[in-house]
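Q: Hello! I am new to this structure and would like to learn how to read its features. Could we take them in turn?

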Amino acid sequence: MLDSYGRTIDYLRLSVTERCQLRCAYCMPEGPCRTGDDAALCSLDELTELAAACVALGVKKIRLTGGEPLLRAELLPLIERLRALPGLEELALTTNGQRLAELAAPLRAAGLDRLNVSLDTLRPARYRALTRGGELDRVFAGIAAAEAAGFRDLRLNAVLLKGVNDDELAELAGLARTRPWSVRFIELMPIGPGAAMPEAFLPADAVLEAVPELRELQNAKGSFQREATEDGGTDPSTSLRSAQDDRPRGVARLYTAPGWAGTVGLIAPMSACFCAACSRIRITADGRLKPCLHSSEEYPLRGLHGDDLKAAILAAVQRKPARHHLSGSNASESARPMNEIGG
Ligand code: SAM
Ligand code: SF4
C-alpha cells in the first residue's frame, strides 16, 4: 500500500487488548481507568479477518501489542492463524514480560517470530514503583525463557525518563555488551499520562553521552530526517518519498561498540522525527484503524468484510498525515492513551 505521500505502508501494529496488570506512570493512570472488557473488543475471528485484509493489501509485518497482549485469551490460536497468512514475513509481539516465563515456549510453538520486552530500569524497587506493582525478576525469567524457547535478536525497550532512569543508561545499554540483544531507548512522548510529565523528557542523545564508546552501526541519515520536519517549502510528497527510499527500514538509529555482542537503538520521535520514513498503521482492539499514532483520526473497520473492508483500509491509509505535531508544548492529538493503541 502507498499513502498519499508515496510512503510504503507494510507494517501493522495490532492491539489485542486494552487491559494491563501494570500501570506504568507514563502510560496508564494510577486509579481506575477505561479498559474495555476483551469480550466487547474484537473477537479472534475479527482480529484474524482484519489482519488478513491488511496482509492481502501488502502488510508484511505484524506486531501484536496492547495493553498487555499476554493477558489476551486465545492469543496462541490467534498467533497460529496469523502465522499462516500467505505473504506475512514477520509476526512480532511487545510485552511487559510479567507472564513471559510461562508463555515464551507456547508463543514460539504457535509461530511467533520476534519479541520486544519493555524494561525501563534494572532496579527492582524502582521497577515496582514505576510500573506500580511489576516484578523485575519475572521480566528476567521471561527473557531467559524466551531465549531457551529459541527467540533470537531479543529487543529490550526502555523509555528514557529524566529523574527516574537517567542514572542507569550505561547499565541498561551494557546489557548488549555480553548478550546479543538490541537495547532500544525510546523518548517519552506526550501522550496519555506521559503528556503530564514534561519534566521527565530526556533526549535520546543522552545515551551517547552516557556510553561514549558507542559507534553508529547503520547510517540513519539524520540529515533527511531533519529535512522532513523543516522543509515547509518543498513538496512534501517528494521529500517524504525520497526519505523512505533512502533510509534503512526501522525507526531506530543503531549503535554498537567494539567487542559488544548486541546493539543499542535510539528511537527519537521527539528530537529526530522519523515520520518521513513511517511505514505503519495501527488497529485498536476495538477494530479502529489509526493511520497515525498521534492523530485523532480513526476509521472503524468492525462489521466490514471482503472488498468493503479492503476499501476502508485503503481509504484510511490515504488519510495518513505527513507527520505528527508533537513538541515540548504540543501534546499528542490522539484521543486515546497508549494502552488503548499499543505504542
Ligand atoms: N504492555 C506492553 C509493553 O509494555 O511492552 C505493550 C504495550 S505498551 C503501550 C508498548 C510500548 O509503549 C512500551 O514499550 C511502553 O514503554 C511504550 N510507551 C507507553 N507510553 C509511552 C509514552 N508516553 N512515551 C513513550 N513510550 C511509551
Ligand atoms: Fe501496561 Fe505496557 Fe502501558 Fe506499562 S507500558 S502500563 S506494561 S500497557
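A: Gladly. Let us begin with pLDDT, which is the predictor's confidence in each residue, from 0 to 100. This is a predicted model, and its chain averages a pLDDT of 88, with 88% of the residues scoring at least 70.

Q: Where does the pLDDT stay under 50?

A: Where pLDDT is low, the predicted coordinates should not be read in detail. Here the value stays under 50 over residues 220-243, for which the model has 31 contacts beyond four places in sequence. Residues 245-249 are also below 50, and this stretch has 14 contacts beyond near neighbours in sequence.

Q: What polar atoms lie 3.0 Å apart at Tyr26?

A: A polar side-chain atom of Tyr26 and an oxygen atom of ligand 1 are the pair at that distance. The side chain of Glu68 has an N or O atom 3.1 Å from a nitrogen atom of the ligand. At Thr95, a polar backbone atom lies 3.2 Å from a ligand oxygen atom. Taken alone, ligand 1 exposes 550 Å², and the protein buries 94% of that.

Q: Is Cys278 buried or exposed?

A: Buried means under 20% relative accessible area. Cys278 counts as buried because its relative accessibility is 13%. Cys20, at 19%, also counts as buried.

Definitions and conventions
Residues numbered from 1 in each chain as written. Chains lettered and ligands numbered in written order. Predicted model: local features only at pLDDT ≥ 70, side-chain atom pairs only at ≥ 80, totals over all residues. Heavy atoms only, no water. Polar contact = N/O pair within 3.5 Å; in protein donor to acceptor, adjacent residues only side chain to side chain. Areas by Shrake-Rupley, 256 points an atom, 1.4 Å probe, with all protein chains shown as cover. Contact = heavy atoms within 4.5 Å. Buried < 20%, exposed > 50% of the residue type's maximum accessible area, 1.4 Å probe, protein only.
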